[in-house]
Amino acid sequence: MKPNSALINNMVRSAMVVLAAGMAAFTTGCMTANIKVSPTARIQNAPDKKIALSVGLMLDDRFCTNRFLPFSGGQTYPFGTTLKQQSISLCEQCFERVIVSTNGVVPAGVNAILTPEMHRCGIGYAASGGGQDITLLLQWTLGTGDNRNILWMTTVDGHANGGRSKVFQLLFDDLATKSCRAFQESPEIRQLTSQAQRKPGAN
């Protein structure tokens, strides 16, 4: 029996239509999460006194424009803008002087260079069933004033679960609080502060 060319052509066209529809559904299904967070870092039990250091805060383009897409697909999470705002606000609350650099140029006249990096993120659903469960790992690296040598490095884990209207705020509140505590408790930062205060002209 000879193959029916008309039937084959119809089957090919139908398959292409189904494939195109599937691709369209996949494309339109990739939604972007609405991340609403205060631009001011909210630190629980914030210390009364700032760390007596002048730091250069290095924020690269990858950090400031971060868009996280889970392996399972679904929503894209545009963390970049919030990471940038929160990092600046956090450091301004923790250190006496902060110079922000977003162009890769190392600021002059600072005691140290501080660089944040989003290390990892995990997003799921809360076990109680009524919201999301999010963990975000933020790595902080403190370098010398010329940024040639690493003095200290740590990773803080921000965690939150709850409804979408508040889960992101809770997440960044946790990150800010733990980051501030890490700065305050770092022996290397304490030593650097002591050295800076002993320099001529220091207050």
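Reader: Before we start, what should I keep in mind about the model?

Author: It is predicted, so local features need pLDDT of at least 70 and side-chain atom pairs count only at pLDDT 80 or more, while totals for chains, interfaces and linings use all residues. Residues are numbered from 1 along each chain as its sequence is written, and side-chain values use heavy atoms, with hydrogens and water left out.

Reader: Which residues of helix 3 are buried?

Author: Buried means under 20% relative accessible area, exposed over 50%, and partly exposed in between (1.4 Å probe, protein chains only). In helix 3 the buried residues include Leu-83, Gln-86, Ser-87 and Leu-90. Contact means heavy atoms within 4.5 Å, and the partners that the buried residues of helix 3 pack against include strand 4 (132–144) and helix 4 (167–185).

Reader: How many cavities of 30 Å³ or more are there?

Author: On a 1 Å grid over the protein atoms alone, a cavity is a set of points where a 1.4 Å probe fits but cannot get out; a pocket is an open set with protein on both sides within 12 Å along at least five of seven lines, and lining residues have an atom within 4 Å of a point. Points are joined across faces, edges and corners, and a volume is the space filled by probe spheres set on them. Here there is 1 such cavity, and the largest cavity holds about 80 Å³. Its lining includes Leu-83, Trp-140 and Phe-172; helix 3, strand 4 and helix 4 each give two or more residues.

Reader: And where does strand 4 pair?

Author: Two strands pair if DSSP finds at least two bridges between them. Strand 4 runs antiparallel to strand 5 (residues 150–162), with 12 bridges, and Leu-137 has Asp-157 as its bridge partner. The two strands form a hairpin with 5 residues between them, where Asn-147 has a positive phi of about 65 degrees.

Reader: What is the volume of the second largest pocket?

Author: About 270 Å³. Strand 3 gives the largest share of its lining, 5 residues.

Conventions:
Helices (H or I, at least four residues) and strands (E, at least two) are DSSP runs, numbered from the N terminus.
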